[in-house]
Amino acid sequence: QVQLVESGGGLVQPGGSLRLSCVASGSIFSISNMGWYRQVPGKQRELVARIRSGGYTDYADSVKGRFTISRDNAKNTVYLQMNSLKSEDTAVYSCNVDIITTARSILNAWGQGTLVTVSA
């Protein structure tokens, strides 16, 4: 089995910063793509940022220049550094990871989500 545990969400004022972390654990052989998505009630979940195994990244236009995704392969961890936060960044943020398990099966796993609230 594989588990994803997220941390780092919370309440922050507009213009502030937060750093989200997502740690994968369990029967992991290797990890390819790692990403962060967000969802606001009543709206579709959207991709925020993604980082591939080779380090290539891509971002939603709405967060380019403000958010940075990174990964630590030794720790099976993906990070999302969020700067210059705006009220419209308020959402539940979830990590998503493509994993090859020790049984050599391919698994797409989701974290439980962490709430980010940007408000004065």
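Predicted model: local features only at pLDDT ≥ 70, side-chain atom pairs only at ≥ 80, totals over all residues.
**Overall build**

Let us start with the secondary structure. Among contacts between residues at least 6 apart in sequence, 54% join residues at least 24 apart. The accessible surface comes to about 6,400 Å², and carbon and sulfur atoms account for 49% of it. As for charge, there are 12 positive and 8 negative charges, and their mean positions lie 3 Å apart.

**The nonpolar core**

Which residues touch the most other members of the largest nonpolar core? They are Trp36, Val48, Phe67, Val78, Leu80, Met82 and Tyr93, out of 30 residues in that core. Two or more residues come from each of strands E1 (2-7), E3 (18-26), E4 (28-39), E5 (46-51), E7 (67-72), E8 (77-82), E9 (91-101) and E11 (114-118). E9 gives the largest share, five residues.

Setting aside residues up to four places away in sequence, tyrosine 93 touches Glu6, Leu20, Trp36, Tyr37, Arg38, Val48, Phe67, Leu80, Met82, Gly113, Thr114 and Val116.

Glutamine 81 sits in strand E8. Beyond its neighbours within four places in sequence, glutamine 81 is in contact with Ser17, Leu18, Arg19, Arg66, Phe67 and Thr68. Serine 70 is eleven residues from glutamine 81 in sequence, with 8.2 Å between their C-alpha atoms.

Aspartate 58 belongs to strand E6 (residues 57-59). Not counting residues up to four places away in sequence, aspartate 58 touches Leu47, Val48, Ala49, Arg50 and Arg52.

Is aspartate 58 buried or exposed? Its relative accessibility is 18%, so aspartate 58 counts as buried, because the cut-off for buried is under 20%. Glutamine 81, at a relative accessible area of 27%, is partly exposed.

**Two loop residues with positive phi**

Most residues other than glycine have a negative phi. Serine 84, found in the loop between E8 and E9, has a positive phi of about 50° although it is not a glycine. Arginine 104, in the loop between E9 and strand E10 (106-110), also has a positive value, with phi near 65°.

| Residue | Relative accessible area | Class |
|---|---|---|
| Aspartate 58 | 18% | buried |
| Glutamine 81 | 27% | partly exposed |
| Serine 84 | 40% | partly exposed |
| Arginine 104 | 52% | exposed |

Arginine 104 counts as exposed because its relative accessible area is 52% and the cut-off for exposed is over 50%.

Note on methods
Residues numbered from 1 in each chain as written. Heavy atoms only, no water. Core = buried A, V, L, I, M, F, W, Y, C linked by side-chain atoms within 4.5 Å. Buried < 20%, exposed > 50% of the residue type's maximum accessible area, 1.4 Å probe, protein only. Helix = DSSP H or I, 4+ residues; strand = E, 2+ residues; numbered from the N terminus. Contact = heavy atoms within 4.5 Å. Areas by Shrake-Rupley, 256 points an atom, 1.4 Å probe, with all protein chains shown as cover. Lys, Arg positive; Asp, Glu negative; His and termini not counted. Charge placed at Lys NZ, Arg CZ, Asp CG, Glu CD.
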